[in-house]
Amino acid sequence: MSDTKSGDPEKSFSYEPGASDDVDEASSLERLSDNVPRLKFAKLWAIVEFLDKYGVEARGIERVPSDQRTHIYPLSAFWMWLAANMTIATFSLGCLGGPVFSLSFKDAALTIIFFNFLCNLPVAYFSTWGPKLGLRQLTLSKFSFGYFTSQVPIILNCIACVGWSVVNSIVGAQTLRAVSTAHQIPTAAAIVVIAIGPITISFMGYRVVHLYEQYSWIPVTIIFIIYLGQIARFIESDFRNSGTIEAGNVLSFGATIAGYAIGWVSYAADYTVRMPEDMSSVKIFFWTYLGLNVPLILVEILGAAAMSTFNQKTTWADAYAENSVGGLLGAGLAGPMGGFGSFLLVIMALSIIATNIPAMYSLALTFQNIHPYAQAIPRIFIVIIGSVVYIILAIAGASHFVEWLETMLDILAYWLAIFSAILIEEHLIFRRGKWSNYSPEDYNNWRKLPLGVASFIALSCGVAGAVLGMAQSWYIGVIGGMIGNPESGGDIGFELAFAFSAIVYPPLRWIEKNYWGY
């Protein structure tokens with residue numbers, strides 16, 4: 001594939017002319033000799049074979065052959081991550097800076113910029129891996145963690161995919177409820193409405209996911225600009241405090257920002273896996289990194305700005321107290337703009353669809369990595385089951401949104417920092433950065449993967465670092481408690497988790513490789 005073709009900005013989502021990578025894909029998967037017991041689920045695969053004719057993606061974690069990697073425009077990575085983060089879920093994260101971490105607008109904005117620039121780097125880097133081996137992100141992790149230890153990140157990522165969908169759906173439901181104060185939609189009904197889109201799009205698969213994300217960001221961006229115009233004159237932008245307490249608050253808010261940004265690490269290669277093997281890694285990295293930073297930084301800062309308006313707009317503070325993020329958005333849109341503002345608020349609520357699509361799509365792929373029997377279950381049925389689970393959990397947890405969000409984001413930052421350190425060191429040190437040093441067909445053969453002892457010990461040490469450095473409302477680590485206010489501390493759990501695992505992994509992996517051979 002020529003660089004000229006792959007870099008054409010006019011056709012950001014396209015497949016090579018004449019390519020048909022989805023034709024009879026279900027049948028070809030059933031004929032694979034990969035020790036996956038698909039015949040155990042023959043009736044389900046018969047349904048998949050029928051749906052395959054209508055464009056539903058049949059392939060799960062099975063390697064995409066080189067001649068079927070026909071997604072030829074790297075700019076698609078930009079649209080993918082721009083849309084997935086140009087949502088009210090991102091806005092809600094920026095809102096935490098003031099009420100939870102006592103930061104002024106300027107302090108919160110600077111924290112948002114720095115931690116996003118830092119934590120989006122591994123996501124962009126791992127996105128370049130998809131085309132090289134044609135494998136999904138958690139499948140790739142087996143070449144670093146080994147077959148058995150890889151079950152830890154696999155299970156954690158399943159929990160994360162469901163957890164993100166729960167939290168995001170609650171945000172969307174709150175926003176739908178803020179459309180009308182007189183006739184509010186029930187929370188359960190709002191969550192179900194929000195869930196329909198992600199189920200449908202992720203059910204269809206890779207092509208439709210990219211196609212939807214290419215355009216879904218446009219109306220949301222326009223509405224965010226309108227919202228900025230409504231709140232701009234009420235924003236207060238002074239620095240609030242300084243000193244060790246402020247430093248602790250900045251680090252804790254930074255850990256929350258990091259948890260959201262680095263949360264995409266475990267999905268990254270899933271959305272480039274059908275790009276050609278010879279596509280420029282620099283282009284994929286650049287467009288992914290830009291697509292992440294533009295919405296994350298701008299929309300999170302907008303959320304922080306909105307929270308600074310409460311001194312001048314006490315009614316907005318009341319709206320936030322009553323209906324959280326949805327109330328705050330409604331106060332700036334539906335309040336001054338009436339019926340048209342309410343219409344815009346509905347669109348904003350539906351923006352959550354773009355965020356939950358990757359979570360549900362990657363959930364199915366992650367689950368298939370657990371065991372060949374899990375892989376034998378067609379991807380589309382895992383999407384449906386996972387969606388039902390998160391809808392139930394979202395309805396049950398709708399009254400505890402802020403607590404869910406803060407705790408979940410920080411915990412994600414801890415384990416994904418460890419995950420990133422181990423994958424990067426394995427690739428650069430022990431695989432020497434060469435894709436020829438991988439045997440992608442062995443992703444399910446535990447005998448030809450790392451033993452997993454080195455990764456397990458490094459993972460354990462990373463967890464120890466996280467425990468020492470965390471500063472949560474329910475626990476403050478020894479080191480975290482030394483920063484800032486002793487009662488709240490300063491969270492450096494993800495930094496210590498990364499450092500501890502990165503120091504321990506190389507010598508242990510060297511011993512393991514010399515003993516085990518892989």
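Predicted model: local features only at pLDDT ≥ 70, side-chain atom pairs only at ≥ 80, totals over all residues.
Local features were taken at pLDDT of at least 70 and side-chain atom pairs only at pLDDT 80 or more, while totals for chains, interfaces and linings use all residues. Residues are numbered from 1 along each chain as its sequence is written, and side-chain values use heavy atoms, with hydrogens and water left out.

The structure holds eleven salt bridges, a salt bridge being a side-chain nitrogen of Lys or Arg within 4 Å of a carboxyl oxygen of Asp or Glu. One of them joins Arg-274 to Glu-25, with the closest N and O atoms 3.1 Å apart. This pair links distant parts of the chain, 249 residues apart, with Arg-274 in the loop between helix H14 (244-261) and helix H15 (281-307) and Glu-25 in helix H2 (residues 25-30); helices here are DSSP runs of H or I with at least four residues, numbered from the N terminus. Arg-274 is buried at a relative accessible area of 1%, and Glu-25 is likewise buried at 1%, where buried means under 20% relative accessible area (1.4 Å probe, protein chains only).

A further salt bridge connects Glu-426 with Arg-509, the closest N and O atoms lying 2.7 Å apart. Glu-426 belongs to helix H20 (residues 401-430) and Arg-509 to helix H22 (residues 493-516), so that the pair, 83 residues apart, links distant parts of the chain. Arg-509 also meets Glu-512 in a salt bridge, at 3.1 Å from N to O, and both of these residues lie in helix H22, three residues apart, about one turn of the helix. Arg-509 is buried at 0% relative accessibility, and Glu-512 is buried at 7%.

Conventions: Helix = DSSP H or I, 4+ residues; strand = E, 2+ residues; numbered from the N terminus. Buried < 20%, exposed > 50% of the residue type's maximum accessible area, 1.4 Å probe, protein only.
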